Amino acid sequence: MVNRQTPFVLYGGDYNPDQWDEVTLEKDIEYFKKAHINTVTLPVFSWAKLEPKEGIYDFDWLDRILERLWVNRIYVILSTPTSAQPAWMSNKYPEVLPVDIKGRKRTHGMRVFFCVNSVKYRERARAIAGAMGKRYANFPGLVAWHVANEYGTFCYCENCQQKFRGWLQNRYKSINELNERWHTNFWGKNLYNFDEVMLPTELNDDYRFNPSVQLDYMRFVTDSTIDCYTNEAEILRGYSLDKTIFTNISGFIKKLNQFKMVEYMDFAGWDNYPSPSDPPSFPAMKHDIMRGAKAGKSYIVAEQSPNQQNWQPYNKLKRPGQLRTIAYQGLAHGGDTCLYFQMRQSIAGQEKFHGAFISHSGRDDTRIFRELSKLGSELEKLGDVFLDGRTDSQVGFLFDWENWWALELTSGPTKDMDYLTQVHSYYKAFHTQNISMDMLKLKYDLSSYKVIVAPLLYMEHQDIAEKVKVFVKNGGTFIATYMTGIADENDRCVFGAYPGKYREVFGIYVEETDALRVGETNALVLQDGFLDAKDGYVGHFLCDLIKTEGAEVLATYGEDFYKGVPCITCNTYGKGKAYYFGTQPDDQFLEDFVGQLSCTIGLHGSIKCEKGVEVTYRTNAKGTVYFVINHMDEKRKVQFGNAVYQDLLMDQKWTKDVLLNPRDVLVLKRL
């Protein structure tokens, strides 16, 4: 459990009381109590105030704030303030400042703007983390340690250059092995020692456009960032063996291998900032990725916006009820916290228009404050009924950061390659039908699932192909797509036809792949017996020209010179089946395909509902809790059949058919 001392949902968020006077602090605490806030995170960006001079600390002001919070039984997540180093450090030790991809030394001022490999940065970060750990380890209101904030700065300084060379030498041992892995014979880029390796910057186009080099550089940045995080986390652990320690992952999750990062954290923690144009399935998928980071363990929603953001192109207000549906979606998918940025709106700076619990008006009767107070009251009532709850899914999605990087670093076959968007198109087809899914690391066991989906499994590593073969042989259903089984872990293409090591399980090989422009499609001609051979489906994005080697053809292309060529196949392999999609089908096809598959192998849950209503569940020692969330602006029907469910928020029972109000939520237990 995230909060190991008091079992309730941690509700509140980032607070910056050092920006305010004593009168404002007292008013804020009054409002917090009114809104049922039980936890605040601080002092995330206060390094300059805590250490005004090197080695000289001022904790008195923080002591007074913590005392006032604890008198009112408001818990704290204490953050090391190391995401924004003081100006004195940047001036005295300029090596802490990063160098960008253009080779420019950056100046002081931006948050998370430091070189994670800087020896001096790590020295001072460890020192202040140790000072905080020593001072506050026994503070009674401390529930967790939050290290820094939203890591993700890439640096191309001379120190990183040397570190990268050492990292490569440790990974490959010899320069001959590096030449082999990077295939430097191409364009005559052979290396004779590790000192000849350069970073992939705009000053070095050979490396900047070499996907093998870039891929290793991204691995190196992840490892460097892990070292930077553990530099602080390890010293905090020495003072707080019983407290959760984590850092928060930016909602832009591509930069660092989060599955690897989270291995060094007690819980995954992430910042949920969906775009107003995102369908509910997109943040749902990101929540599931965070749950998957710790093999189904609950996670921390460290930030979300109480109202509009300030950094999106068009910063829409949260619609009435939307705060509540977004919050419950995070809890439903595995979150044990509901934390926001920020508690009081800043009066100046880059985020002065970012929403907050308490707006510039300073009032407690605003629409947002009323909605947040209602939510706080509900969470207080629910207590720990679903905390630590897990979701036992029958469908797993293989998801991999290195595969993501490699796909988007490669040149061709299309400039529109977007791994997350592609994965989401398949995820959405299951989510729309309320089939729960687990996002899986490649090393996870597959045997407990009925269906494994692996969109764009471009990179073959970690012996995943052998695991897939065993899974299908034993009766599993495997679904994969174009861009599968093409390259190894250094982005070297396989010898022999694609999909490489998966060729046997799919019973096909791919002869050629055509890239379609935006808006360009090709008709899908379904064979008799498949989805009732409906017309009107189309494929887009890519078109694999497939040759079968035992697989059944389910659909062919309807146009172009490859009219009649197979595009969707199914192969019986052992006791199971392997489906291959050689093109990106439209959303309606995927929804219909998943619907048919679900009926065949039995994936649907017990609660049925109209489109736009999300149903998921969590099970802990106290039983199973169901979440029913209407994301729509209209009423939607929910069908319970003959089952009876206890409403945990309204103290009433539901059965048969229920009309759920727009953006309304039910939290239920089955009787």
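Trainee: Quick one to start: is Cys599 buried or exposed?

Mentor: At 64% relative accessibility, Cys599 counts as exposed, where exposed means over 50% relative accessible area, buried under 20% and partly exposed in between, using a 1.4 Å probe and protein chains only. This is a predicted model, in which local features need pLDDT of at least 70 and side-chain atom pairs count only at pLDDT 80 or more, while totals for chains, interfaces and linings use all residues. Residues are numbered from 1 along each chain as its sequence is written, and side-chain values use heavy atoms, leaving out hydrogens and water.

Trainee: And how many disulfides are there?

Mentor: Taking a disulfide as a pair of cysteine sulfur atoms within 2.5 Å, the count is zero. Cys599 is accordingly in no disulfide, and the nearest cysteine sulfur, which belongs to Cys609, lies 15 Å away.

Trainee: Changing topic, which residues have the most contacts inside the largest nonpolar core?

Mentor: They are Val40, Ile289, Tyr328, Phe397, Phe399, Phe589 and Phe593, in a core of 182 residues; a core here is a set of buried Ala, Val, Leu, Ile, Met, Phe, Trp, Tyr and Cys residues joined through side-chain atoms within 4.5 Å. Helix H9 (residues 211-239) gives the largest share of this core, with 11 residues; helices (H or I, at least four residues) and strands (E, at least two) are DSSP runs numbered from the N terminus.

Trainee: What does Ile289 touch?

Mentor: Leaving aside residues up to four places away in sequence, Ile289 touches Ile253, Phe259, Phe399, Trp401, Leu420 and Met439, with contact meaning heavy atoms within 4.5 Å. Another core, of 26 residues, lies apart from the largest one, and its members include Tyr449, Ala454, Leu457 and Ile464.

Trainee: Ile464 is in helix H16, then; which residues of that helix are buried?

Mentor: In H16, which spans residues 464-473, the buried ones are Ile464, Ala465, Val468, Lys469, Phe471 and Val472. Viewed down the helix axis they fall within an arc of 165°, so they line one face of H16; the arc is taken over the directions from the axis to the C-beta atoms.

Trainee: What do those buried residues of H16 pack against?

Mentor: Their partners are strands E10 (395-398), E12 (451-454), E13 (477-481), E18 (566-573) and E19 (576-581), together with helix H17 (503-506). Just after H16, Gly475 takes a positive phi of about 115°.
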